Amino acid sequence: MSEEKKGISWGGLIKGLVATAAVVAGAELLFPGFIEGTVSAAKSIATSIKDAFTGIDTTKVVESDLAKNIGWLATKVGGIVLAASGIKYLMSEKQEAPEPESFAAQEDMKRMQALMVARMRAQGYQPAMPAASQQR
Amino acid sequence: MSKNSNLTEDDIGRMVMLVYGQMGNNAGPFWCYLAVKPSKYDAFQAKVKNKTFDIRTFDSDGFGEIIVSGEGVTPPADVTKKVAFMFNVPIKELFLNIDPKAAVAKELERMKRIED
């Protein structure tokens, strides 16, 4: 259930993590995620799941690993915290941003990535790269 | 009484975490975005700190859900963007120095006050 060709697995662990014990160097909070809206939780959960799957071409969902795995994730945790719009977007096969990224958005992304690396370094994280023979 | 009065912190949210480190057998670095149940946040942090955290049993141990994992030092920007989009969080609000437990407690109180 993964996009192994990219070394990325949505909804699960990549093969390298499943196969061997991993040394976890650190864990950083990305953000606390909450159910969206101001309606009752029960209504939000039901509405989120319903909205996420409404209008989705299930044939395409099956064809796409990413969409399939996001679908699995949506059924497991999605109703609780994932935004219905986000699930729908990710399952829709339209993986490009809905609108062209603004300069400000690009700058936000650069700042976020710099912050991410700074946090990792603050934990003393100096990752060793795989041996040359194992690099793909 | 509101239907929301019985809500728990795990009903309303997750702590979205970035975990990173080295895979065994010199397989290189990895990263992983996890959705940690608020009730398990302290136990999760303790396991990471004590180097007893096994990412392979994260799901089965009931800590929460694995969102996405991958090879490399840091997640690609587009993956982070998708995770943020899934949770409806603006990019500039990632990695903020906030107290997540306080944020969850505040949100839980707010949800409980909402009448049907």
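Tutor: A residue counts as buried when its relative accessible area is under 20%, as exposed when it is over 50%, and as partly exposed in between (1.4 Å probe, protein chains only). This is a predicted model, in which local features need pLDDT of at least 70 and side-chain atom pairs count only at pLDDT 80 or more, while totals for chains, interfaces and linings use all residues. Residues are numbered from 1 along each chain as its sequence is written, chains are lettered from A and ligands numbered from 1 in the order in which they are written, and side-chain values use heavy atoms, with hydrogens and water left out.

Student: What share of the residues in chain A is buried?

Tutor: Of the 136 residues in chain A, 43% are buried.

Student: How many helices and strands does chain A have?

Tutor: Helices (H or I, at least four residues) and strands (E, at least two) are DSSP runs, numbered from the N terminus. Chain A has six helices and two strands, and along its sequence they come in the pattern β-α-β-α-α-α-α-α.

Student: Which residues touch the most other members of the largest nonpolar core?

Tutor: A nonpolar core is a set of buried Ala, Val, Leu, Ile, Met, Phe, Trp, Tyr and Cys residues joined through side-chain atoms within 4.5 Å. The largest one here holds 29 residues, and B:L34, B:F44 and B:F53 are the members that touch the most others. At least two residues of this core come from each of β2 (23–34) of chain A and, in chain B, β1 (13–22), β2 (29–36), α2 (41–49) and α4 (100–113). With four residues, β2(B) gives the most to this core. Another core, of 26 residues, lies apart from it and has A:M120, B:I91, B:L94 and B:F95 among its members.

Student: Which residues does B:F44 touch, not counting residues up to four places away in sequence?

Tutor: Contact means heavy atoms within 4.5 Å. On that basis B:F44 touches A:A27 in chain A, and in chain B it touches B:M17, B:V19, B:L34, B:V36, B:F53, B:F58 and B:F63.

Student: At what angle do helix α6 of chain A and helix α3 of chain B pack?

Tutor: Axes are lines fitted to C-alpha atoms, for helices over the stretch in contact, and angles run from 0 to 180 degrees between N-to-C directions. Helix α6 (residues 103–122) of chain A and helix α3 (residues 77–86) of chain B pack at about 105°, and their axes are 11 Å apart. The two helices, α6(A) and α3(B), are therefore roughly perpendicular, a word used for angles of 65 to 115 degrees. On the side of α6(A), the contact is made by A:M109, A:M112, A:Q113 and A:M116, and on the side of α3(B) by B:A77, B:T80 and B:K81. The buried residues in α3(B) include B:T80, together with B:V79, B:K82, B:V83, B:A84 and B:M86.

Student: Where is B:F95 found, and is B:F95 buried or exposed?

Tutor: B:F95 sits in the loop between α3 and α4 of chain B, and its phi is positive, about 60°, although it is not a glycine. With a relative accessible area of 1%, B:F95 is buried. B:K51 also has a positive phi, near 60°, in a residue other than glycine, and is placed in the loop between α2 and β3 (64–71) of chain B. B:K51, however, is exposed, with a relative accessible area of 60%. Just after α3(B), B:N88 takes a positive phi of about 60°.

Student: How far apart are B:G62 and B:N88?

Tutor: B:G62 and B:N88 are 26 residues apart in sequence and 24 Å apart in space, C-alpha to C-alpha. B:G62 lies in the loop between α2 and β3 of chain B, where, leaving aside its neighbours within four places in sequence, it is in contact with B:K37 and B:K40.

Definitions and conventions. Angles under 35 degrees count as roughly parallel, over 145 as roughly antiparallel, 65 to 115 as roughly perpendicular and the rest as oblique.
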